[in-house]
Structures are given as structure tokens and as C-alpha cells.
Amino acid sequence: MSEKSFATLDDLFAHGDIAGKRVLMRADLNVPVRDGAVSDATRIERIVPTIRELTGKGAIVILLSHFGRPKGERNLEFSLKAVAPAVAEESGLEVTFADDCVGDTAASVIASAKPGSVVLLENTRFHKGETDNDGAFADQLAALGDAYVNDAFSAAHRAHASTEAIAKRLPAYAGRAMEAELTALEGALAKPEKPVVAIVGGAKISTKLDLLGNLVSRVDYLVIGGGMANTFLAAQGIDVKKSLCEHDLGDTAREILAKAEAAGCQVLLPRDVVVAEEFKAMAPCKTVPATEVPDGHMILDVGSDTIADLAARFEAAKTVVWNGPLGAFEIAPFDNGTNAAARHVAMLTKMGELNSVAGGGDTVAALNNAGAADDFSYVSTAGGAFLEWLEGKTLPGVDALSRS
Ligand code: AMP
């Protein structure tokens, strides 16, 4: 048995031989498809270890996934059939496609599947019961398998039949990709080594209020950068001139700062900033104190003194959690602050000094742009599920795998 708070494949194997057993595996095969073929197989690559471990022990792996938003109707524009060849290629296994995810069609394809092979079922969202988390639909899905494995963290924030209700109807386990994600996330916020530095950047605070509210009560330092820092600066009476700023959220920003102070979390706002007159690549720019943004200018990045402050925090930290860029990273040279900070975190991680976990929104693109993503301890590509986890929410698909 594993020591984890959730059941894993090791628990499944401890229950006995799975040769010939039907394992329903929830995957996230909502992958980009262009001209009828998968154009980016990253999500498929991540689930291959689980598929191969199960088939290697003789199980029949039955893949369940959503694909796009067909809104409960059979619409072949959203068929998973186009994804089957990529699953076969990435896994090196025989993959048979079933035209429906429940009923006789699915049952007969599964009945003729060989042990050690893979069946891919049609889009679960062709049935309304999927997004309704409907019990009768979950019963139909569960009837097709002997055990359930969820390897789709990126779909775990939704209480749908294939992520939640089904897990109550079969013995349920986390796949290896889910296990890696949950282990990384637990290590970053649930049981982190202190001090913990959280970096939150991006455009606006309105989309990240729950996230900021949760982080201030969990981390030692909260670094706020990007456009959202402007709202905090303005809330402290600083004139940010033409900068992106949610002026109507001044009270909210002050409440977050008060909550942080009460929780003993130190908030770090930019001391100096890079300003320009236009939001444009290579726009003429200069670095000024955050309190002295010139007329007609906007803040587009953090300045060099701020970068030096952050570097000192990183040196002293044991854990870094990161969501959102520190500046307008898509346009040079305003990617400088994000790049410098990301490369420093990556270097300390590589040296074994830091545990670093990042994800959500544009974060993956920003870290890739910095050439730093590969050296972080874990970069989540889960988007919405990662953000909900940072917000401290219980993810239904994860909760359903918990031992308690
Ligand atoms: P988000 O999706 O909330 O993580 O925000 C990411 C976006 O914030 C990126 O497109 C950045 O260009 C943008 N951003 C970051 N800093 C600034 C800034 N100072 N002014 C305007 N946009 C910014």
C-alpha cells in the first residue's frame, strides 16, 4: 500500500492479479486536432506510462475522455476517433475505437478486446449525463469495467460522471500522471518546506481573488507582479498613470493586504518598474521607481531592483509556487523580469535548493519563453484545475480518489 492520501496503482496491484481485468481509465484526450490529426500529443505522452503499466500486467485498458463541448449531443465534429491513431502511436499498443461510450456498442468492443490492449470509447460528452454527473449514466459507464483509474488531473475540477460519480461505483485509483501531479502539489502547499514564496502575476486581480485570498494564509511571502501589481500600487495611493489597473478594486486589494498582514504573510510589490508609452514590442522604455511613473507612461515589467529583491527571497526559500508572468512577457524587452526570476528559480531547483511548482494560464508559456520550464520541479499544464487547487478548493475528481 502507498502512504499517499489517495489510492494509487500500487493499491490496485496489491488487490490481486489484473490480467484480463477491464480497467476504465479517465484520460484527458481533449488534445488539439488539425486537419483530422493530433497536432500536439503532450497530453497523450503523459498518460502513456499508466496505460503501459496496466497493459503490461495484462489488463484491458478502456479509455474514457471528453473532447470539446458537444453539449450532450452526438456531434461527429467532436468525435474522439481522430485521436485513436495518436494513442496507438504514442503507446505502441493496439487501440480499438468504440462508437459510443456506453451500451451494447461499447460492451461488444470491450468483450472482444485482447488482454494487454486498449479500447478508446467515444466522447463522454455525447451524453448529457456526463456533465450532469448523472447516477444512471455513471452506472452505465461503471458496468463496462472492473476498476477505475483517473489519470486526468486537468479534468478533476469538474464533478462529471466520468470523473466523480463513476469513482463511487468502482474501486478507484490515481494513475501515474495524476499521482505525480498530486504529489507535486501537496509538496508545494499542503506540506511544503518553509519558507514558501508564492509569485502571482498576470493581467488582473479580478480573476485571481480566491487564489490571492488562499495564498496569503498559506505562504510566507507573496510576490505580486504583472498588471495586477498596478492595482495594489494604486490602492496604496500611487498614481500608475496609463498602466493597466482595476481602479474599482482598491478596497479589495487593501483587504487582501490586511489579510496577509494578519496571517504573517509578507507581500512584495514592485519597488521599481519598467515603463513605456505604448504596449508594443521594443517600445522605448525606462526604469523608474514605482512611485514615479511619468505622465503618458504605463508599467509593463518589474525593474532591476525588484528583480534583485526577488533573487534574495529565492535564495532564502525552500519552496516556490508560481502563477502568472511578472510583466508583459509576450513582447520584448518586457519579458525581462519574468525571464530573470524564472531562470533563477530554475537554477536553484537544479542545484537541489528549491522545490518549485508552477502552472495555470500563461505561466507555462512564460516559463517556456524563459527556457526555464524543464528545470522546475513540476510544471502543471492543467490550467483550470491547477488554479482551483491554488484557490484551496476541493477538486471533486481528486476527492473521489481519497482514502478517507
Ligand atoms: P493572466 O492570463 O491573468 O495570467 O495574465 C497574463 C497576461 O498579463 C499576459 O498577456 C501579459 O502580457 C499580461 N501582463 C502582465 N503584466 C502586464 C502589465 N504590466 N501590463 C499589461 N499587461 C500585462
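Q: How many salt bridges are counted between domain 1 and domain 2?
A: This is a predicted model, where local features need pLDDT of at least 70, side-chain atom pairs count only at pLDDT 80 or more, and totals for chains, interfaces and linings use all residues. Residues are numbered from 1 along each chain as its sequence is written, and side-chain values use heavy atoms, leaving out hydrogens and water. A salt bridge puts a side-chain nitrogen of Lys or Arg within 4 Å of a carboxyl oxygen of Asp or Glu. Between domain 1 and domain 2 the count is zero.

Q: How many residues of domain 2 are in contact with domain 1?
A: Contact means heavy atoms within 4.5 Å. Domain 1 brings six residues to this contact. From domain 2 the number is nine.

Q: Which residues of domain 1 lose the most area to domain 2?
A: Buried area is the accessible area (1.4 Å probe) that two parts lose on being put together, summed over both. The two domains bury about 580 Å², 53% of it on carbon and sulfur atoms. Three residues together make up 75% of what the domain 1 side buries: Arg46, Phe153 and His157.

Q: How many disulfides does the structure hold?
A: A disulfide is a pair of cysteine sulfur atoms within 2.5 Å. The structure holds zero.
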